[in-house]
Amino acid sequence: MRILFTCLVGLFAWPAAVGAQDLGYPLNSYGQPGLIDMPGAWMEPDGTLGYTYSTFRNTTRNALFFQVTPWLSGVFRYSHFQDLSFDGVTTADFLFDRTLSFSVRVAEEGDLRPAIALGVNDILGTGFDQSEYLVASKHFGPDIRATVGLGWGRLAGVGGFTNPLTVFGDQFATRPPIDFGLGGTPELNGLFHGDAAVFGGIEWQATPDLRLIAEYSSDAYPNQDGFSFERRSPVNLGASYAVNDHLTVSGHYRFGSELGVQLTYALDPARPPAGSGFDTAPPLVRAPAGEASTAREQTRRALADTGITLHGLTLEGDTARVSVENRTYAVAAQAVGRTARVLTATLPATIERFEIVLVERGMPVSQSALRRSDLEDLEFALDGASAIGVRSLRGDAADGPAIPRVDGLYPRFDW
């Protein structure tokens, strides 16, 4: 109890930047928000739908995750286990098991308060994974998040101690036997009963795509340890790599003896891959309002207002070469069109040709060339999109003179 109290005090007392770094879709091997096996206290964006496949040695789990409301998430799992023992002697060749889990957010993360969640696992299955937990998670700076929790049932298999809920009655001291039969019938009498145990862990977002995880697991895997694998340590280590906005690949080193892999695919309906269709209107084609001496700063600010980052700008004769990064619009043509419209208002009237280079992670990938006069002529044309397509040039980023970069955009590496 002293360990748990110390951890909770630390989470509550340490100020931290809240949600400063988007950690993607960090679902654990059970398909719920969490570390490797252990649950976490955060919620995914409302409406998020995810699928998780995880496997190690004799355990394979397929899980469907759904963020039902901003404060409630649910998981349905179908698992396959091999080489089990339920009495310490007899070995079962395999077990197929379906489980249902829920997690409820008790408190959102604040400057001094961690996120807190209450969860139950396997309330409709066979009871093989039945457990309950109270967990807190908090950011320490933009890239580190710590989690500590209290578990019951299967999550009290390591380092168990007398249930603190016995202050409300001795009935919480023991956990009644589970009688699920073939599953499908709620078994609620034993929730939060019996011994409790502490679990926890820490995550480090080492890069925008790579997340490193270490956890202390309170799950003893009682029906598998010694039969299908040897559980040598309660510490699990893992790494997750975000292949793209939806797919995450993870590798785990479990219990000091086993390797595991996990695939997670998740969708946030608020961020559809093809765009929402409700983007704001592009800026108007306008007469230039500034001088060449202030063009770069005016362009940087105007592009930032449309969600586009200016990487560099150079003016030579009647041509402007500009490099930009688009992290807002799903279609590249939207970013090119908005950039060109901004340039009509921020660059001198003597600039007729816009060469727009799109940059991805610092690398030029494509280039489009448009004329100011075409933009002015076709701004309100009914077939303006197709007409400007005919009059413009598009292709790979061409070799040419280097475009001077915006100061501070590429800082030197620093620890």
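Two strands count as paired if DSSP finds at least two bridges between them. Strands (E, at least two residues) and helices (H or I, at least four) are DSSP runs, numbered from the N terminus. The model is predicted: local features need pLDDT of at least 70, side-chain atom pairs count only at pLDDT 80 or more, and totals for chains, interfaces and linings use all residues. Residues are numbered from 1 along each chain as its sequence is written, and side-chain values use heavy atoms, with hydrogens and water left out.

**View 1. Strand β14 and its two partners.** β14 (residues 319-326) pairs with strand β15 (residues 353-360) in the parallel sense over 7 bridges. Strand β13 (residues 308-316) runs antiparallel to β14 and is joined to β14 by 8 bridges. Val324 of β14 is the bridge partner of Leu310 and stands opposite Leu358 in β15. The hairpin of β13 and β14 has 2 residues between the strands, and Gly317 takes a positive phi near 65° there.

**View 2. The two faces of β14.** Buried means under 20% relative accessible area, exposed over 50%, and partly exposed in between (1.4 Å probe, protein chains only). Because 8 of the 8 residues of β14 are buried, the strand is largely enclosed by the rest of the structure. Thr319, Arg321, Ser323 and Glu325 lie on one side, with Ala320, Val322, Val324 and Asn326 on the other.

**View 3. Thr306 in a loop.** Thr306 is placed in the loop between α2 (295-305) and β13. Its relative accessibility is 16%, so Thr306 counts as buried. Apart from neighbours within four places in sequence, Thr306 is in contact (heavy atoms within 4.5 Å) with Pro283, Thr328, Tyr329 and Val342.

View 4. Gly384, Ala387 and Ile388 are buried in α5 (residues 384-391). They cover an arc of only 95° around the axis, so they lie on the same side of α5; the arc is that of the directions from the helix axis to the C-beta atoms. Ala385 and Val390, on the other side of α5, are exposed. The buried residues of α5 pack against β16 (363-371) and α4 (372-378).

**View 5. A nonpolar patch on the surface.** Tyr51, Leu64, Phe76, Tyr78, Phe94, Phe96, Tyr265 and Leu267 form the patch, with about 800 Å² of accessible area together. β3 (72-85), β4 (91-107) and β12 (258-267) each supply at least two of the patch residues. Leu267 is found in β12 and, at 35% relative accessibility, counts as partly exposed. Patch residues have over 30% relative accessible area and no salt bridge, and nonpolar side chains (Val, Leu, Ile, Met, Phe, Trp, Tyr) are joined within 5 Å, like charges within 9 Å. A salt bridge is a side-chain nitrogen of Lys or Arg within 4 Å of a carboxyl oxygen of Asp or Glu. Accessible areas come from the Shrake-Rupley method with a 1.4 Å probe; for residues, only the protein chains shown count as cover.
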